[in-house]
Amino acid sequence: MAQYDVVIVGAGPGGYVAAEEAARLGKKVAVVERNKIGGTCLNVGCIPSKAYLEHAHWLHTINKSQKYGIDVEVKSIDFKALRERKNQVVSTLQNGIHSTFKSLKIDYIEGEASIKEDGALYVDGNKMNYQDLILATGGRPFIPPIPGLDQVDYLTTDSFFDLNSLPDKMVIIGGGVIAIELTYALQALGVKVTVLEVAKDILLTEDPDARKIVKQAISSLIDIHIQVKIKEVSSKEVILEDGSTYPFDQLLVATGRLPNTELAKSIGLEFDDKGRFLKVDDYYQTSKPHIYAIGDLIGGYTLAHAASAEGIKAVRAIVGQKERPVQMKSVPRSLFVSPEVASFGITAEEAQDKGYEVLVKQMPFGFNGRAIAQDTTDGFVKLIVERKYGEILGCVVCGPNASEILHQVLTLVESEGTVTELLSTIFSHPTVSELVQETARLVVSEL
């Protein structure tokens with residue numbers, strides 16, 4: 001029977017990154033996974049969705065070129081070929097993790113983990129001995145209690161990528177980031193999509209100014225209905241309480257995710273006051289010594305890169321190299337439609353509530369030469385800065401390559417730089433990134 005220093009349950013971005021960190025720090029490591037290596041992100045989330053979104057971006061670029069004298073015709077779309085490309089991308093990354101595990105001598109064990117109340121760990125009935133255990137069990141789709149839904153062959157965000165062919169009409173229940181990204185990809189491929197959202201708007205986690213621009217960009221492409229009240233679902237349509245109906249060939253339920261807490265509950269770990277997320281200390285240790293938890297299990301921003309960062313910090317705590325926990329204000333968030341939206345930090349309202357004297361400035365992409373040349377002028381750069389020291393409290397970028405541009409500002413913040421450092425940096429011209437400096441110039445002029 002093998003004895004491990006660290007065993008990690010879950011091979012998603014939190015689990016496999018934590019395993020690699022532990023192995024590099026000299027620990028004997030095993031990772032247990034009941035599904036596929038890479039977890040939700042690699043298999044049914046971040047990566048496959050970005051592959052399909054890239055297909056959508058190609059098609060939108062072709063359509064845009066028609067406006068400016070490039071006569072191109074898309075004769076057909078071979079969805080089978082696009083799906084195969086997606087599968088190849090996923091397979092390449094899976095193989096990469098396996099290769100890294102092999103090089104670091106990490107044991108990868110496929111099977112169902114169970115834990116006894118005394119902390120003993122079993123995989124398919126076989127006991128595994130460990131010194132420290134990290135739970136990185138991720139999450140699963142949340143399915144709302146809609147009458148009739150249990151009688152319908154609907155898709156979730158976990159099963160969506162198994163589609164072998166595209167429907168003519170799809171209804172998507174949900175208007176969050178995942179739902180809108182998939183909507184954007186589907187409509188570009190020729191699917192007529194209807195989005196039904198029960199909340200007051202779609203994309204409520206996004207900056208209001210950015211949300212407005214995204215909605216303007218996609219409203220002509222997608223049928224969006226907000227504040228709906230769903231009465232029931234039949235095999236062919238969604239029926240609202242006002243009597244309106246929305247027929248579909250395929251239904252997708254994309255209404256968020258829930259953490260997989262079964263293992264944690266089986267050993268009596270302590271949860272938060274609402275009973276939804278595990279309680280952990282600043283070093284990700286749960287209510288029981290030598291058992292740690294990261295990712296979806298502990299709440300916060302349930303994003304792949306947040307889980308990875310938490311996994312690294314949990315491992316470093318295990319080996320005695322304790323660091324402060326991941327700061328939610330430092331976690332970047334992205335929406336990968338067109339225009340992209342990326343942000344970090346806190347809003348102006350949140351900053352004011354915390355007692356900061358705040359200065360907010362934003363510059364439109366329409367003021368940028370590169371953006372004009374690319375015909376990508378929808379969007380802006382926004383900086384939220386406190387007046388006394390010029391500390392950047394938050395940033396929002398809405399526009400092309402927003403998720404890449406944002407890291408320039410986030411890196412500065414993590415280096416304890418202020419808004420004035422953006423002015424002393426020489427930006428290449430012409431680049432969209434120059435807009436970051438121009439926005440900083442506006443801020444500094446009023447400090």
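Strand 1 (residues 3-9) and strand 6 (residues 126-135) pair in the parallel sense over 6 bridges, where two strands count as paired if DSSP finds at least two bridges between them, and where helices (H or I, at least four residues) and strands (E, at least two) are DSSP runs numbered from the N terminus. This is a predicted model, in which local features need pLDDT of at least 70 and side-chain atom pairs count only at pLDDT 80 or more, whereas totals for chains, interfaces and linings use all residues. Residues are numbered from 1 along each chain as its sequence is written, and side-chain values use heavy atoms, with hydrogens and water left out.

Together with helix 1 (residues 13-24) and strand 2, strand 1 makes a right-handed β-α-β unit; a crossover is right-handed if, with the strands pointing away from the viewer, the path from the first strand over the helix to the second runs clockwise.

An unreviewed UniProt entry annotates residues 4-311 as "domain: FAD/NAD(P)-binding", and UniProt annotations may be inferred rather than shown by experiment. That span is 32% helix and 23% strand, and its end C-alpha atoms lie 17 Å apart. The domain assignment, by contrast, gives domain 1 (3-138 + 260-328), domain 2 (142-255) and domain 3 (339-445), with bounds that come from an automatic or database domain assignment. The C-alpha centres of domain 2 and domain 3 lie 32 Å apart, yet 7 residues of domain 2 are in contact (heavy atoms within 4.5 Å) with 9 residues of domain 3.

Thr157, in the loop between strand 8 (155-156) and strand 9 (169-173), counts as buried at 7% relative accessibility. Leaving aside neighbours within four places in sequence, Thr157 is in contact with residues including Val44, Pro141, Ile178 and Arg257.

His429, where the unreviewed UniProt entry places the feature "active site", is found in the loop between helix 12 (419-424) and helix 13 (434-444). His429 is exposed, with a relative accessible area of 62%, and its side chain makes a polar contact with the side chain of Glu434 at 2.9 Å. Such a contact is a pair of N or O atoms within 3.5 Å; within protein, one must be able to donate a hydrogen and the other to accept it, and residues adjacent in sequence count only if both atoms are side-chain atoms.

Technical notes
Buried means under 20% relative accessible area, exposed over 50%, partly exposed in between (1.4 Å probe, protein chains only).
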